[in-house]
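Hi there,

Here is the structure I said I would pass on.

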Amino acid sequence: MRRPSRGPVRLTLREIRVRALVTDRRRGQLLVGPAVIPCALGSGGMVCDKREGDGGSPRGRFRLRDGAYRPDHLGIRPRTALSLRATRPDDGWCDDRRDRRYNRPIRLPAPGVSAESMWRGDGLYDVVIDLDYNRGPIRKGRGSAIFLHIARDGYRPTEGCVALARADLLRLLRRLGPRTHLRIG
């Protein structure tokens, strides 16, 4: 006896992996099964002991928490099983180790607090996924705002994130879900 169909089965990846290029530690390859996707890494390459401002991409295995997209640049919400919300012009991310909101989303402006704008003019955060790096428990000074996001032209280095070409990230999102992990290193 056949069971009734419950619609299409959504297959999400369990793990994707990043490895650095031998020729340039600031660039890498994202391995998705047999597919190899070029990516940018932090200006400090991959690091085991991440510190705020060191430019390193932290080695480890990280859950993909959730993310955001910029609706005025993308138009529609990207297809993914991850939780995504639309960013707003006052969205920020605290990178001030002195502040109690360190490595957390905040509202801007935040006078006297160092924070990154999530509503960027350069398109890098048109799609951004929060990697579960230093998110629980949060250790002050161990690095903040480590994301999977859109790469600069030429895959120029990030400040510690992993960045993909826009088309590659949008295509990859369709296969990512809350149980997907990103292994760096």
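**Strands that pair up**

Let's start with β11 (residues 127–131) and β12 (residues 147–150), two strands that pair in the antiparallel sense over three bridges. Strands here are DSSP runs (E, at least two residues), numbered from the N terminus, and two of them pair if DSSP finds at least two bridges between them. Within this pair, D130 sits opposite F147 of β12. On to the next pairing: β12 and β13 (residues 162–164) go together in the parallel sense, again over three bridges. There, I150 has L164 in β13 as its bridge partner.

Before going further, please keep in mind that this is a predicted model, where local features need pLDDT of at least 70 and side-chain atom pairs count only at pLDDT 80 or more, while totals for chains, interfaces and linings use all residues. Residues are numbered from 1 along each chain as its sequence is written, and side-chain values use heavy atoms, with hydrogens and water left out.

There is also an open sheet of three strands, in the order β9-β8-β10, with antiparallel pairing. Its edge strands are β9 (105–107) and β10 (115–117), each pairing on one side only. From one strand to the next, the twist averages 40 degrees (axes are lines fitted to C-alpha atoms, and angles run from 0 to 180 degrees between N-to-C directions). Strand β8 (residues 91–94) is joined to β10 by three bridges, and G92 has S117 of β10 as its bridge partner.

**The nonpolar cores**

A nonpolar core is a set of buried Ala, Val, Leu, Ile, Met, Phe, Trp, Tyr and Cys residues joined through side-chain atoms within 4.5 Å. Buried means under 20% relative accessible area, exposed over 50%, and partly exposed in between (1.4 Å probe, protein chains only). The largest core has 30 residues, and L30, L176 and L182 have the most contacts inside it. Apart from it lies another core, of nine residues, including A68, M118, Y125 and C161.

What does L30 touch, leaving out residues up to four places away in sequence? Its contacts (heavy atoms within 4.5 Å) include I16, V18, I37, C39 and L182.

**An arginine in a loop**

R135 lies in the loop between β11 and β12. Is R135 buried or exposed? R135 counts as buried, because its relative accessible area is 15%. Not counting residues up to four places away in sequence, R135 touches R65, W93, N103, R104, P105 and D130. With D130, the side chain of R135 makes a polar contact of 3.0 Å (a pair of N or O atoms within 3.5 Å; within protein, one must be able to donate a hydrogen and the other to accept it, and residues adjacent in sequence count only if both atoms are side-chain atoms). A polar atom of the R135 side chain also lies 2.7 Å from the backbone oxygen of N103.

**Cysteines**

How many disulfides are there? The count is zero, taking a disulfide as a pair of cysteine sulfur atoms within 2.5 Å. For C39, the nearest cysteine sulfur is that of C161, 12 Å away. C39 is buried, at 0% relative accessible area. C48 is in no disulfide either, with the sulfur of C39 nearest at 17 Å. C48 counts as exposed, because its relative accessibility is 70%.

Cheers!

Note on methods
Helices (H or I, at least four residues) and strands (E, at least two) are DSSP runs, numbered from the N terminus.
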